[in-house]
Structures are given as C-alpha cells and as structure tokens.
Amino acid sequence: MRATASAECEHSGVQNNLLTICGLSTVRALAAAAPERIERLFFDETNAPRFAEVCRYLSQKRKIYRLVTPAELKKITDTSHHQGVAAVIHAPEPLRLEGLELSHSTLCLHDVKNPHNVGAILRTTAFFGVRDVIFSRKSYDAAMTASAWRVAEGGVSLTHCYVYEDAHDLFSRAKMLGWWCAAAVRPEKGRLPSLESICVRAGRAHVVACLGNEEEGLPGAFVAGCGYKFTILGSGSVESLNVSVTAALCLEKMSRNYSGLRPE
C-alpha cells in the first residue's frame, strides 16, 4: 500500500514528542529494542522484507506502516540519506538524574550541542556497552534530533538518557554516591593526569568523564565543581580533538582500567 508524503510525518525535529528518524541501522535498532515507540513506519520495496516482523506488531497495534517510493521518503525525512526507511516515533523522555545509580563508568556531555557529535558519541557508548549516559539539557536536546539518531546508527535506542538542569545537581549526586567526576580540559602548563591514571586511582569507584563543546570546552565553574581534571596529550599541531573522538578515547581508556565497563 502506497502513501503520499504530504502530511504523513512531522519534520525532522521533535514535535509533540514525535520525532521522524531514518537510516537502516537506526530504525532496525529501535524496532528491536522498543517497537512500542514507533507510531508510523515507511520503507521502500528493498527494505520491506527486513521489517516484516515489526509490521506484524504495528498491525496488531493498529498503527500505520506503508511501502513508499524513495522520492516520498526524501520528502518525509527531508534528507536523501534515509537509506530506504523512516519512522515517526515517540521520543524517549529524559530520565531524572536522581534515579541514576551507576553500574559502570560513563560520560557526561555538558552543553555539547552539535547533533552529529552527540550522535557519534552515542554510537561509541553503545559500542562499549555503556547504557547510562549523563546529559545537560542542551546536550539531551541535541540527542533528540533526526541527525543525531541517524549518525548514532542505533546508539540512541540503546541509551538511557539521564538529564540534569543544573550542574550542581550532578555534583551533589556524585558526592552522595562516590562517583569521581573528571573534567576534560586542554593541556596546561602544569602536568595534568591522564584519564587512565584517574581510573586506576579510583579503583572500583565509578568515573564520570565530563566533556564540553568544541567551541568553549567546559566552563570554569563546571571544572571547579569536578573533583579531578585530565587532558589528552597530542603533538600540539592542532589545539584539540573533535569531542566525539575525545569521547571514544575516554571510553577506551575506561574500558581498559575498569572491568565493569563491558557490554551487557
């Protein structure tokens, strides 16, 4: 059954808690992890067999699924990078930081606002099996975009997004539960420890590696609120790494030094 793309879908951002996502890995991951979030599903002829099971589920729930043309998918998703499938979904609500009790070390994204960077980071956290990630409100908003979902290749569906409105809430929670908050900063004149060495010192305590955006990094007040700070040393030829690359290096270092950071 074919449908025109006229007003079938909202645009790529969140509207009334509905978000249009696309990309084969992205939609397949959501269909496997949380099919109940799917409100409408659209796919081309090539991808129809891949979504037979979720279509049966959607039929039982009296929800829409339709075979459409690539041109209609482009109109639905507002991108040519749809990979032959799109879904209108109920975006996951942010989880309150007060409910988080870490079972492994993790990342905190403080005002990382570029959706492509956030998506790349969540693809990496999923790769390392990190399910609980901490976000400032601005970083969470960046994660709830079509671009972030597409770049994450299914990583957003596998992430529990814990959000704080004020950094003091993060530091209070960390102090209460014994987390080691470590701020990523640019190299300074004085020698700074590596994240790896902080993880070794933390022992079995959970480390929260805090990353800021590329333009400004972490604010001074936020760095002061963290108990520790670290840097990643390079050649000095360029000032810093892309934040998604920094996140990947942090996760790899934490996985080597803390056995709790393993895929479930």
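The model is a predicted one. Its largest nonpolar core has 54 residues, its second largest pocket has a volume of about 190 Å³, and the structure holds zero disulfides.

**Nonpolar cores**
- Within the largest nonpolar core, the residues that touch the most other members are Ile 38, Leu 41, Leu 107, Phe 135 and Leu 195.
- Helix 10, spanning residues 243-257, contributes five residues, the largest share of this core.
- Another core, of 22 residues, lies apart from it and includes Ile 134, Tyr 162, Leu 170 and Cys 181.
- Leaving aside residues up to four places away in sequence, Leu 107 touches, among others, Ile 121, Val 133, Val 208 and Leu 211, as well as Ala 247, Cys 250, Leu 251 and Met 254.

**Cysteines**
- Cys 108 is buried, with a relative accessible area of 0%, and its sulfur is 4.3 Å from the closest cysteine sulfur, that of Cys 210, which is too far for a bond because a disulfide requires the sulfur atoms to be within 2.5 Å.
- Cys 210 is likewise buried, at a relative accessible area of 0%, whereas the cysteine sulfur closest to its own is in Cys 226, at 4.0 Å, and this distance is also too far for a bond.

**Second largest pocket**
- The lining comprises 15 residues, and those nearest the centre of the pocket are Arg 37, Pro 92, Ser 157, Thr 159 and His 160.
- Both helix 1 (24-33) and strand 8 (160-164) supply at least two residues each to this lining.
- Sorted by class, the lining residues are 10 nonpolar, three polar and two charged.

Definitions and conventions. Residues are numbered from 1 along each chain as its sequence is written. This is a predicted model: local features need pLDDT of at least 70, side-chain atom pairs count only at pLDDT 80 or more; totals for chains, interfaces and linings use all residues. Side-chain values use heavy atoms; hydrogens and water are left out. On a 1 Å grid over the protein atoms alone, a cavity is a set of points where a 1.4 Å probe fits but cannot get out, and a pocket is an open set with protein on both sides within 12 Å along at least five of seven lines; lining residues have an atom within 4 Å of a point. Grid points are joined across faces, edges and corners, and a volume is the space filled by probe spheres set on the points. Helices (H or I, at least four residues) and strands (E, at least two) are DSSP runs, numbered from the N terminus. Ala, Val, Leu, Ile, Met, Phe, Trp, Tyr, Cys and Pro count as nonpolar, Asp, Glu, Lys and Arg as charged, and the others, Gly among them, as polar. A nonpolar core is a set of buried Ala, Val, Leu, Ile, Met, Phe, Trp, Tyr and Cys residues joined through side-chain atoms within 4.5 Å. Buried means under 20% relative accessible area, exposed over 50%, partly exposed in between (1.4 Å probe, protein chains only). Contact means heavy atoms within 4.5 Å.
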